[in-house]
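Student: I would like to learn how to read a few features of a protein model, one at a time. Could we start with the general idea in each case and then turn to the example?

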Amino acid sequence: MNNLENQSFNNLVAGIGLGTEQERKQARIDMILAKTQTNWSVVKLPCQTIPVQREVKYFNHETDTQESQMINRPIPLTTNLGADEHGEGGVVRGVFAMLRADNWTHLGMGTEQYTIVQNREVVEICDAIVQANPEMNLSVEAKVVDDGKKVQYRIRLKDGYIQEKTNVPDNKIFRYITITNSHDGSSSMKFGIYHEVCVCSNGMYVDKMLKVASLRHTPSIEARIKEATEKFQVVVQKELLMLESYKKMAKVDMNRAIVTEVVNKVFKPKQPVELKTTANGDYKVIGGYDEKGVAVVGIPDGMSAKMYNPINKFLSADIIGKEIADQGNTLWGLLNAVTRYTNHHMSTTGNRGVLVGEAQSKNEVAYKTINKYADDVMVQANMSMN
C-alpha cells in the first residue's frame, strides 16, 4: 500500500479500536500478505531416505552370539546430538527439507544452519522501509517464483520516463527496489532493482551486476530491519544511476558495431558472428562471402540452426525492428530489443520470467555492454568538444 492508502488505513483501524502502533503495524502486514497472496509460511523438517531393505547386525546377549536381521526402514539423514536417554533435547544436525505449510510443496534442501526467513518477516522489513520514507510514497507488491522457492517483494518507486529520441509518448518505466527471499536454501535475502517498460512490458531485473546489497539470514528480525532500512537508500541511489544510464543510451545512435558486440556477448556463439546492414537498415548475419568477396546472408559455416535461429529472430522486424520503431534507432532501443527477446521470445517456465537463470543473465550482459559503449561515446564526444 502507498502512503495515501497507509494514512487512510491507519485512520480506519484507529477508528475501529486498533489504536496502538504495534496493532496498526500487524494489520498493515496482514493486508500486504493477503494482497500479494504470500500469507503462507515455510517449515523445515528432518530428512530421511525412502524405506530400503538392508541387513543389520547386532550382538545377542542371551545367546552370546553375533546375529543379523533384515529390516525395511528409512535411514535418518539427521542426528540428534546431546539428547538425553529418552531422546529429548540436544541439537538436530544433518539435512532438512523446506516445505510450504499450506500445500506441502517441497521447496528445497538445507542444513541445520539455514535459518528460514518467513514471508511475514520480509513484509515486516518492507513495511518498515515504507514507514521510514513517507515522502517517497512507496507501495509493496510481490512475485512468487517456482511455487514459492523464491518470493520477490517489490517496493514501488515513482514512475520514471524516457523521452529522448523515442517515438512513444508517455514512455513510462515502472521502477522497483526488490527484496528477494529464497525458501530453497540457495541464497540469503538480497536487494535488487527491477524495471519494466510500460509500453511493451519488457522487464529487467539486476542484482549481481550492480553488487546490490544482501541481507543476512540472522535470527533477529530487529537486526534485519535495521540493516535493510539503512541499505535501502544506498540501493535507491544505484537505481537512480541506472535510470540516468537509460537516458544516456537514448541519446546515442545504434550502429552495426554495437549490435554485433551485443549479439556475440548475449548469444555466445562458438565463433563470433559478423553482421551486415541491408539497404533498408536491417541487420543480418553474414554466412560467408561469394567469389567476388561480397558478404552473403545466411548461416555461417559450423553454426547450428539451434544457435542461428534465436539470433536471426532477435534481428527480425518483430524484435529489434519493433524497438527501433518505438524507441528510436538508439542504444535504448537496442537494450529494449534484448529485453523484448528475453521477456517474450525465450522459453521460460512458471513465474521465473527474467528474474532468474539465462534470461536474467542475458539482460545483465546486454545492459553492461551497452552502458559501457554509451559511456565511451560520451567521453569521446566531450574530448572532441574540448
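Tutor: Helices (H or I, at least four residues) and strands (E, at least two) are DSSP runs, numbered from the N terminus. This is a predicted model, in which local features need pLDDT of at least 70 and side-chain atom pairs count only at pLDDT 80 or more, while totals for chains, interfaces and linings use all residues. Residues are numbered from 1 along each chain as its sequence is written, and side-chain values use heavy atoms, with hydrogens and water left out.

Student: Which loop holds K268, and what is its phi?

Tutor: K268 belongs to the loop between helix 5 (256-267) and strand 14 (275-277), and although it is not a glycine, its phi is positive, at about 55°. With a relative accessible area of 58%, K268 is exposed.

Student: How many residues of helix 3 are buried?

Tutor: Eleven of the 14 residues of helix 3 are buried, so this helix is largely enclosed by the rest of the structure. Among them are V122, V123, I125, A128 and I129.

Student: What touches T229, and where is T229 found?

Tutor: Contact means heavy atoms within 4.5 Å. T229 is found in helix 4 (residues 221-249), and it touches A128 and I129, not counting residues up to four places away in sequence. T229 has 26% relative accessibility and counts as partly exposed.

Student: At what angle do helix 7 and helix 8 pack?

Tutor: Axes are lines fitted to C-alpha atoms, for helices over the stretch in contact, and angles run from 0 to 180 degrees between N-to-C directions. Helix 7 (residues 317-327) and helix 8 (residues 331-344) pack at about 140°, with their axes 8 Å apart. That makes helix 7 oblique to helix 8, since angles under 35 degrees count as roughly parallel, over 145 as roughly antiparallel, 65 to 115 as roughly perpendicular and the rest as oblique.

Student: Which residues of helix 7 and helix 8 meet?

Tutor: In helix 7, D318, I319, I320, K322, E323, D326 and Q327 meet W332, G333, L334, N336, A337, R340 and Y341 of helix 8.

Technical notes: Buried means under 20% relative accessible area, exposed over 50%, partly exposed in between (1.4 Å probe, protein chains only).
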